[in-house]
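Here is a short briefing for a reader new to this structure. Start with the view below, then work through the points by topic.

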Amino acid sequence: MSSKERINAAKRKQVESLTRGFRGIIAFLFGMSGIINILALTGAIYMLQIYDRALGSGSVPTLLALSALAIGLYFFQGLFDILRSQMLVRIGARLDRKIAPMAHQVAIDMPRFGFSTSEALERGRDVDTVRGFLGSQGPVALFDLPWMPLFLLFVYSLHPLLGALTAGGAFVLTMLTLTTELMTRKLSASTHQAAIERNSIADSNARNADVLKAMGFAGRAIQRFNRANDDHLELHARTNDISGTFGAMSRVLRMMLQSAVLGLGAFLTIKGELSAGAIIAASVASARALAPIDLAIGNWKQVVGARAAFGRLKETVTALASIQEPMELPAPKTTLKVEGVTVSAPGSGRVLLSDVDFKLHAGQAVGVIGPSGGGKTTLVRALTGIWPVLRGSVRLDDAELTQWDDSALGGFVGYLPQDVALMDATIGENISRFAEMPDPQGVVAAAQAAGVHEMIVRLPEGYSTRLGPLGMSLSGGQRQRIGLARALYGDPFLVVLDEPNSNLDSEGENALTKAIEGIRARGGIAVIVAHRPSALAAVDMVAVVQGGRMSAFGKKEEVIGPKVVETPPEPQKTGRGAPAPTKLAGAAS
């Protein structure tokens, strides 16, 4: 079997796993629905027996026996109906537990490939949609629909004309259901996309609340949201108008059909072809026969939404099936090789970095410098595997990054991004990267290496201090140093720091320099993107990236001059308390 065939087989197997274990339950529910629908004939048969037997004979014991039997059958019908509803709710919960982790895994990866946060979170909402649908009346209607012929046969047994009339009504209502499906399918997809666009704008506005407030363009941002919201509301209204219109039409037609059955039954009774009890029985049975169609039309919006959500979840599972589990490799210890790496921006496909080549050995550190927009951060994302490379390869000890799974690779890589985003958890959990069995000594050692241990222990709860969303309770410098400690936790072989000193004072920069020296001393490799020269104090190599290419790479003294970049001393107070300017050797841009 070829590699492509193996992948396709894995995809099919993964998709089938969505419903594995549920098919037997669905078959059981279908059978239970049959019992419920047979018991639903109780009312029609009871009416038939009351009018034709009890009233005709004038027997009170017959009336009481029929009533007791009907009550017992109604009880069992209600019991089975409750069990069916509870089983559907639990199927939804079981499906949620099975799919939600996979959907969340894809949601984490989607922003790396150019999708918005709202589009990524939509996978989680899809799980909620499917689970909510299974707990609604929609599945009940779908389970009852196949048993509709049972009621048609019962009505037909009373009189063929009544059966034909009920079957004709069922046909008309079925056509209404199909028309509703055809008219709402595209609108439902457009409404879903409009909701994503609206939520993307809302998410962007919330994340940039400080900027909107400080520079006073929150009103214009709200107007932008309103335009997107108006588009969504218009599509939503059109979809609901169609569903509501056909739902109302189905209810009216069903009531008209019930009246027509009564009228035809009365006519047949006058002609002597039908008993009085059969009129009521036919009316009750015909109403029950058409109820699932009416219920399906009323819940068709949920049916369409759940079907679309489940389709997207199948795509999610298929995407995960395309990822092959790599064989476990030994931890890297010697080299980082970047071979002809070309990287394009996810989403747009625009090439941001072209043909980058360099090699670092254990114990080396490279400072990446260059103008803004030159491709430095793109290089960082390629080195850490955040963005896939278009051409070329990034290798640790000659093995490409893709030859490790994410969890294994994460143990070898430490990363500090430009915008330090800490998790809504404790400081200790952030530094240990949510390790199930965190090493307390390792957490403290990483914090000490980042020069943040003393600040942490001065907090009332120390390492157990919760940071809240994005760690906004801390200053930018504190977040950056905790982020540095997280990057250093576990002594990773490759440590990649993107503008690690952008929010640091001189004390923090000294700690950063010592941390880089520590990485080199233990045989690790450090890559530091820098605009400020002080970040280059502990590096021995420098790479210049500009215009999407690496224009220079070599020893620091050769690339930026013979003078060694010094770590700035503690600032001296002058005049009104402002720090005295410090002269730095070298240039980092």
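This is a predicted model. In strand 10, Phe553 is the bridge partner of Ala543. Other topics follow: the whole protein, a sheet, a loop residue, salt bridges and a surface patch.

**The hairpin**
- Strand 9 covers residues 541-546, and strand 10 covers residues 549-555.
- The two strands pair in the antiparallel sense, over 6 bridges.
- The hairpin has 2 residues between its strands.
- Gly547 takes a positive phi there, near 60 degrees.

**The whole protein**
- The protein has 20 helices and 12 strands.
- Of its 589 residues, 43% are buried.
- Its accessible surface comes to about 29800 Å². Carbon and sulfur atoms account for 60% of that surface.
- Take the contacts between residues at least 6 apart in sequence: 75% of them join residues at least 24 apart.

- An open sheet is formed by 4 strands in the order 2-1-4-5, with antiparallel pairing.
- Strand 2 (351-361) and strand 5 (399-400) stand at the edges. Each has a single partner strand, so one side of each is left without a neighbour in the sheet.
- Strand 4 and strand 5 are joined by 2 bridges. Arg395 stands opposite Glu400 in strand 5.
- Gly340 is in strand 1 (residues 335-344). Its C-alpha is 5.0 Å from that of Val356, although Gly340 and Val356 are 16 residues apart in sequence.
- Leaving out residues up to four places away in sequence, Gly340 touches Asp355, Val356, Asp357, Arg391 and Gly392.

**A buried loop residue**
- Thr384 is found in the loop between helix 13 (376-383) and strand 4 (391-396).
- Thr384 is buried, because its relative accessible area is 13%, under the 20% cut-off.
- A polar atom of the Thr384 side chain lies 2.9 Å from the backbone oxygen of Val380. For the backbone oxygen of Arg381, the distance to a polar atom of that side chain is 3.4 Å.
- Beyond its neighbours within four places in sequence, Thr384 is in contact with Leu401, Leu409, Val413, Tyr415 and Val496.

**Salt bridges**
- The count comes to 13 salt bridges.
- Arg131 forms one with Asp96, with the closest N and O atoms 2.4 Å apart. The pair links distant parts of the chain: Arg131 is in helix 5 (residues 117-134) and Asp96 is in helix 4, 35 residues apart.
- Arg131 is partly exposed at 32% relative accessibility, whereas Asp96 is buried at 17%.
- Lys337 forms a salt bridge with Asp398, the closest N and O atoms being 2.6 Å apart. Lys337 lies in strand 1 and Asp398 in the loop between strand 4 and strand 5, so the pair ties together parts 61 residues apart in sequence.
- Lys337 is buried, with 18% relative accessible area. Asp398 is partly exposed, with 45%.
- Arg522 forms a salt bridge with Asp491, at 3.7 Å between the closest N and O atoms. Arg522 is partly exposed at 33% relative accessibility, and Asp491 is exposed at 53%.
- Asp81, Arg84, Asp144 and Arg288 are linked in a network of salt bridges.

**A nonpolar surface patch**
- Phe75, Phe76, Leu79 and Leu83 form a nonpolar patch on the surface. Together they have about 370 Å² of accessible area.
- Leu83 is placed in helix 4 (residues 60-109). Leu83 counts as partly exposed, at 35% relative accessibility.

Note on methods:
Residues numbered from 1 in each chain as written. Predicted model: local features only at pLDDT ≥ 70, side-chain atom pairs only at ≥ 80, totals over all residues. Heavy atoms only, no water. Pairing = 2+ DSSP bridges. Patch = residues over 30% accessible without salt bridge, like charges linked within 9 Å, V, L, I, M, F, W, Y side chains within 5 Å. Areas by Shrake-Rupley, 256 points an atom, 1.4 Å probe, with all protein chains shown as cover. Salt bridge = Lys/Arg side-chain N within 4 Å of Asp/Glu carboxyl O. Buried < 20%, exposed > 50% of the residue type's maximum accessible area, 1.4 Å probe, protein only. Contact = heavy atoms within 4.5 Å. Polar contact = N/O pair within 3.5 Å; in protein donor to acceptor, adjacent residues only side chain to side chain.
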